[in-house]
Amino acid sequence: MRLLIVEDEVSIANFLCEGLEEEGFAVDLADNGKQGLQLALDSINEYDVILLDWMLPGLSGIEICRNIRRENKTVPIIFLTAKDTVDDAVFGLETGANDYIRKPFSFEELLARIRVLLRTKENEVVVFGAGNIQMDIEKHVVTKRGRLIELTQKEFALLEYLLRNKGKVCRRTRIIEKVWDIHFDYDTSVIDVYINALRKKLDETGEPSLITTVRGVGYKIETVE
Ligand code: CA
């Protein structure tokens, strides 16, 4: 899952980036309105959620939100706002935002709201399974035959992406776009390293791998159990 944060207050921005990366999200950050809108509209970046500050240098959060919707982009948007009147909230939602949260907010609350939006988007699926493996997105755990498997955040994010697309081939470039952030240099060989790590942790000795290599294209988790 990939997130865009548009926030000019450095302390909040860093706090959000750190927290969300720890949760396994790939996070891009813009510290002004113009850059935020540019990233949001660039077709290379397909964000799953955008966190938008209200008061920003350059363009305001409202203007960014309106522009995104004008381009018919349906990406869920959450406003981060210091304004706290009901009118402001209504205005925020009328611009096409999906939700808003008032500063100061707790990280847990923000995370819960992000998960709600992702759940709506993905038709409420929060538990994924394949073979002996189960992944619970909300609890952020992966189990093999009911036993907990320790994954790094990137391993978790990669497995999540493959499971969300179970039965489909996940192209290498798409994997990079969804699991790594914009600062990544697009050397897709890093995927193989992570796939190998996942296989070591998830596969049974002597049995076919959970993750199939689709030569020259990418990877796939089969739907057939
Ligand atoms: Ca601000």
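1. In this note, a residue is called buried under 20% relative accessible area, exposed over 50%, and partly exposed in between, with a 1.4 Å probe and protein chains only. The model is predicted, so that local features need pLDDT of at least 70 and side-chain atom pairs count only at pLDDT 80 or more, while totals for chains, interfaces and linings use all residues. Residues are numbered from 1 along each chain as its sequence is written, and side-chain values use heavy atoms, with hydrogens and water left out.

2. Helices (H or I, at least four residues) and strands (E, at least two) are DSSP runs numbered from the N terminus, and two strands pair if DSSP finds at least two bridges between them. On these terms, 5 strands form an open, parallel sheet in the order β2-β1-β3-β4-β5, with β2 (26-30) and β5 (99-102) as the edge strands, each pairing on one side only. Strand β1 (residues 2-6) is joined to the parallel strand β3 (residues 49-53) by 4 bridges, and Val 6 stands opposite Leu 52 in β3.

3. Helix α1 (residues 10-22) lies across β1, β2, β3 and β4 (77-81), running at about 170 degrees to β2; axes are lines fitted to C-alpha atoms, for helices over the stretch in contact, with angles from 0 to 180 degrees between N-to-C directions, and contact means heavy atoms within 4.5 Å.

4. In helix α2 (residues 33-41), the residues Gly 33, Gly 36, Leu 37, Leu 39 and Ala 40 are buried. Seen down the axis of α2, these buried residues fall within an arc of 165 degrees, taken from the directions from the helix axis to the C-beta atoms, so they line one face of the helix. They pack against β1, β2, β3 and α3 (61-70), whereas Lys 34 and Gln 38, on the other side of α2, are exposed.

5. Glu 7, in the loop between β1 and α1, is buried, with a relative accessible area of 0%. Its side chain reaches the backbone nitrogen of Glu 9 at 2.9 Å, and a polar contact of 3.1 Å joins the side chains of Glu 7 and Lys 103; a polar contact is a pair of N or O atoms within 3.5 Å, where within protein one must be able to donate a hydrogen and the other to accept it, and residues adjacent in sequence count only if both atoms are side-chain atoms.

6. The domain assignment, automatic or from a database, gives domain 1 (2-121) and domain 2 (127-221), whose C-alpha centres lie 27 Å apart.
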